[in-house]
Every structure is written in C-alpha cells, then in structure tokens.
Amino acid sequence: MKRRFPTALVFVVVAVVFAFVSLLACGAAERPDGGQGLLPVGATAPDVFAADQNGAIQRLSDQRGRAVVVYFYPKDGTPGCTEEACAFRDAWDRFKQANVQVFGVSPDTRESHEAFATEHRLPFPILVDTDQTWANAFGVPTRLGSMARVTFLIDPDGKVAKVYPDVDPGVHADEVLKDAAQLTGAALPAAPAASGNAAPAGPDAAAPGGAGAPPAGAAPTGSAVPVATGSMLPPAAPAAPPAKR
C-alpha cells in the first residue's frame, strides 16, 4: 500500500493539471471556420438562420443591403438583459429610419422568448439559439448555458464592421445606432422630443403678409388677446372725437 500511494497521487496531480490546461485552452471559443475567439472586424458574417419568438425563420444573409445589429445576451428576464432589450425597443423607430435591422440572440427557448418579448413589447426578432449555432459561428463564449454579452455590427455587404464586447446595457443601443447610421449613410435619426415641449405652430398661425395677417395699422399681435378658437381679436375701433360746442 505504501508503494501504491505515491503512484496514485501522481495520477491525480496529472489529471488536475490536464484539466486546468484544457480549461485554459477553451478560453477562446473555436469557430466552425477554424478561427478562435470573436469573429473579427472585416470577416464575412456567417450565413446562419434561426426561429424568432413568433416561430418565423430569420436568415442573416437575407438582410444584405442594410446594416444589421446582432446582439448576444445571457438570458431572458435578467435585469441586465431586460435593460438592454428595452433600450433597443425604445430606439427601434430610429433604427428603422436608418435602415438597420436588429436581432437579439440567446440560448433560451422560443416559448421563453415569446413571453419575454410580450412582457416588454419587443418589436424586433429575438432568436432561438438553444444549440448555440449562432454563438459558435460568431465565436461568442458560453458558460453554464449562458452566452457572453457581445454585439456585432454588420455592414450592408455582410462584413463585420464593429465588435462590442462587454457592453453597457443601458447606453449600448444609442452607441450602436450612431455607428450603424454611418454605415448606411443615413442621417442619425433624432431622439423623440421629451413630453411637455411646445407644440409647433398650427395652420392658424399668422404669417407676415400672408393669409390671416392683421390688417394694416392694426396693433402688434403681441398686444392682441387670444380667443378660444386660436384666432385674434380685431383691434378696437378708434374713439369718436368730442363734439364741438
């Protein structure tokens, strides 16, 4: 027994070292194209497809001619993932104006995606990647069934234009929109005006010399009193001269 103990101990040490080295080697995900790590800028985006929360098949190559945002996130319903999804939701109209498609991707099931999208009124596709086809193709690392939070911006020619690792969920959507608008050549759509701003002048607003302008000699419009319809009261008639005695 005394002779076997050192031998067994050696085997244990070798096994531990081998496992540790294997874990280090798995730090960078190996992609199907033979590369390792995140798909780099300039690479051709993979021709992958998946079902979205509604069961519709979304194919990446079908989006050629427009910029595409593919953002990977760990899991439906977690605080950071909800914040990120809602930020893209709030900016969705601006993405459409800039001709940019958005895809969210996680390893959750279609049913989970459907509930997540319904609860937070997500208007863009979130894709089912339970077999990690998209994650592997883009080199996104996974751990314990969750994906790293990474975003890829793809140009209209299907090339990776920018990679965003370790993003800030709260401000990420605006950052990507700015970069995507540059790719499409579209003017950066303005954010919606905050509530409470003054409404633009309506058709009743008087223009100098145009229809609805006050007659010559009238008092300045600033001194007129508005009525309920939005028009202006006419100037008061001049007082009659005093009678001669």
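Visitor: Is Cys 86 buried or exposed?
Guide: In this predicted model, Cys 86 has a relative accessible area of 14%.

Visitor: Which element gives the most residues to the largest nonpolar core?
Guide: That core has 27 residues, of which Val 69, Tyr 71, Phe 88, Phe 95, Val 102 and Ile 126 touch the most other members. The elements that supply two or more residues to the core are β3 (67–72), α2 (79–90), α3 (92–97), β4 (100–106), α4 (110–120) and α6 (172–184). With five residues, the element that gives the most is α6.

Visitor: Which residues does Val 102 contact beyond its neighbours within four places in sequence?
Guide: Val 102 is among the core residues that touch the most other members. Once the neighbours within four places in sequence are set aside, the contacts of Val 102 are Val 69, Tyr 71, Phe 88, Trp 92, Phe 95, Phe 124 and Pro 125.

Visitor: How many residues are in the second core?
Guide: The second core is separate, and its members include Val 70, Val 105, Ala 135 and Ile 154. The number of residues in this second core is 23.

Visitor: With which side chain does the side chain of Thr 151 make a polar contact?
Guide: Thr 151 belongs to strand β8 (residues 150–154), and with a relative accessible area of 0% Thr 151 is buried. Beyond four places in sequence, the contacts of Thr 151 include Val 69, Glu 84, Lys 162, Tyr 164 and His 172. The polar contact, at 2.8 Å, is made with the side chain of His 172.

Visitor: What is the arrangement of the rings of Phe 103 and Trp 134?
Guide: The structure holds twelve aromatic pairs. Phe 103 and Trp 134 are both buried, and because Phe 103 lies in strand β4 while Trp 134 lies in helix α5 (residues 133–138), their pair ties together parts 31 residues apart in sequence. The ring centres are 6.3 Å apart and the planes stand at 75°, so the arrangement is edge-to-face.

Visitor: Which residues are linked into a cluster by ring pairs?
Guide: Phe 88 and Phe 95 have already come up as members of the largest nonpolar core. The cluster that ring pairs build consists of Tyr 71, Tyr 73, Phe 88, Trp 92, Phe 95, Phe 116 and Phe 124.

Visitor: What is the phi of Asp 166?
Guide: Most residues other than glycine have a negative phi. Asp 166, in the loop between β9 (160–165) and α6, is exposed at 72% relative accessible area. Although Asp 166 is not a glycine, its phi is positive, at about 55°.

Visitor: How many contacts does the model have beyond four places in sequence for residues 8–27?
Guide: The chain averages a pLDDT of 76, and 66% of the residues score at least 70. Over residues 8–27, however, pLDDT stays under 50. Where pLDDT is low, the predicted coordinates should not be read in detail.

Definitions and conventions:
Residues are numbered from 1 along each chain as its sequence is written. This is a predicted model: local features need pLDDT of at least 70, side-chain atom pairs count only at pLDDT 80 or more; totals for chains, interfaces and linings use all residues. Side-chain values use heavy atoms; hydrogens and water are left out. Buried means under 20% relative accessible area, exposed over 50%, partly exposed in between (1.4 Å probe, protein chains only). A nonpolar core is a set of buried Ala, Val, Leu, Ile, Met, Phe, Trp, Tyr and Cys residues joined through side-chain atoms within 4.5 Å. Helices (H or I, at least four residues) and strands (E, at least two) are DSSP runs, numbered from the N terminus. Contact means heavy atoms within 4.5 Å. pLDDT is the predictor's confidence in each residue, from 0 to 100. A polar contact is a pair of N or O atoms within 3.5 Å; within protein, one must be able to donate a hydrogen and the other to accept it, and residues adjacent in sequence count only if both atoms are side-chain atoms. Rings of Phe, Tyr and Trp (its six-membered ring) pair if their centres lie within 6.5 Å; planes under 30 degrees apart count as stacked, over 60 as edge-to-face and the rest as tilted.
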